[in-house]
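I'll just put the structure up and walk you through a few spots.

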Amino acid sequence: MIVLGLDGATFTLVDAWVDAGHLPNFARLREESVSGDLESTVPEITVPAWPSFATGRDPTTLDMYGFSHFNRGTRENDLSHDEFVPGKMWDAVDDQGGRSVVFNIPGSYPWQAIDGTIIAAAPEYKEAYSHPPERWDELVELVDGYKLRNDEEPGTRAYVEQSLDLVDKRFEAFEHFIQEEEPDLAVGLIRGTDRIAHHYWGAESVPPASTDNAVFEVYQRVDEHLGEFLDAHADEDVVVMSDHGFEKVREQFAPNRVLERAGLVTLTESGDSRQAALGSLRDVASDVLGRLGLLRFARKVVPASTVASLPTGDDLGLDNAISMGRIDWDETEVVVDQGQKTALVYALADDPEGAADTCDRARDALADAAAAAGIDVRFEDLGRGGDHTPDLAMIVETPEVHVTSRFDVDDDLVAVDTSGHARNGIFLARGPSFRDGDVEGAEITDIAPTVLHALDYRLPETMTGDVLDVFAPDSDPASRDPETYAFVGDDAVTEGGVDDEEQEDEVKDRLRELGYLE
């Protein structure tokens, strides 16, 4: 079984470009597969989406809501960038005697040791890591150099060229380890489809199918490799999926502004002016040093403790409001963190009755403001788990509208010109075990149980997803009922996590660059 992830891939682009006569291998895969939309997590962000994909568990059981997430207990934003997530599908394969290849999956580091190979996705502060360690040298030699991330300046032609080069090297390396290891399960990811869409989407709802458009260039390159990949694995079960979709973003809804007006959030007239001034100075210095290629050097010279807690940019989003001391916590009952199309509502009351009352008032205020702004929203009660779990999620259903955590906007709904995640990713499954046609109601947490069941492995009882109805009637998986067992996973054998302020600062810079932090 092979699972090929295409980060942020969306049928919005694939179907439009297939219908226009482009992307022949995506067209072929559509015809030969059972396929349909794949609903992402709440929120629809890389983290928690990939950890939920790997474990078959909803974010409420992981207490993970983004690369960073608000901590109700400390009133700060914590990084979850490299938290150990036990009980991944490849851990269950290993526990039951199987072998796996795991390649470039966010949330795969820190890892539990498995029989096979892990090349993990990039913690932003690391330069090399694999399991077992010698696989890294093998990888670098194989593809004549290997990068964990695109380190060119976004918006430049160099960034596009490196994106294309990374697509080439990711496919080559993933195929190499599949052939070398002959695993029961291989899981790999191409991330360029997401990163290029963040920076190069352009003004149209669907970017033009032109070699002058960087998003199309990357999809076209992926399509070429996809054809070779499908040919190489013609007799095997292959799943192609994404963690979320993508869309043009023309407007942002500002829940914190709504809740401030409703008296549920109170800002101080001025916060820490020294922090604000230092933050502005830091932004200028970072911009200049970045252009000169000296930013990484400066981070090694300047003590991290002097910059890690500083705000960045002029926008007063939740993270900057916390850093600048602008939130009056004694007079504030609720705050909202943003998650692309999802507003994550944190009631601050400790007692359940008080939290429920706060959420009811917040829901009413947000629903009224959304209706007045002409956007469709729905609410989900998440149930308070750990300190990072929101009480309530407001999900924007209107296309091309996202959420911002900013307080300093003039209206509840403001015009923007950017791009970001959409709720639905892609799902396609081809091979002897799978039927053709459509699948409806598929969710990203369903992938792990479906894959394990197809491989005739038992499912960890912790999984909240379901086995999808995607199997051919005469196939072996269709003839069996899923079996579960008590398995969560071992402890991490690597030291994980962002473990100093310099690393935290670098991670936050990259998250802001991609719009994940305000």
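When I say buried, I mean under 20% relative accessible area, with exposed being over 50% and partly exposed in between, using a 1.4 Å probe and protein chains only. Quick caveat: this is a predicted model, so local features need pLDDT of at least 70, side-chain atom pairs count only at pLDDT 80 or more, and totals for chains, interfaces and linings use all residues. Residues are numbered from 1 along each chain as its sequence is written, and side-chain values use heavy atoms, leaving out hydrogens and water.

Helices (H or I, at least four residues) and strands (E, at least two) are DSSP runs, numbered from the N terminus. Take helix H15, residues 447-454: eight of its eight residues are buried. Among them are Ile-447, Pro-449, Leu-452 and His-453. After H15 comes Asp-456, with a positive phi near 65 degrees.

Now the sheet. Two strands pair if DSSP finds at least two bridges between them. We've got an open sheet of three strands, ordered S15-S10-S16, with mixed pairing. S15 (401-403) and S16 (413-422) sit at the edges with a single partner strand each, so one side of each has no neighbour in the sheet. S10, residues 245-253, runs antiparallel to S16, and eight bridges join them. One to find on screen: Gly-245 has Ala-422 in S16 as its bridge partner.

Last stop, Arg-326, in the loop between helix H13 (318-323) and strand S11 (334-339). Is Arg-326 buried or exposed? Buried, at 17% relative accessible area. Its C-alpha is 5.4 Å from that of Leu-267, 59 residues apart along the chain.
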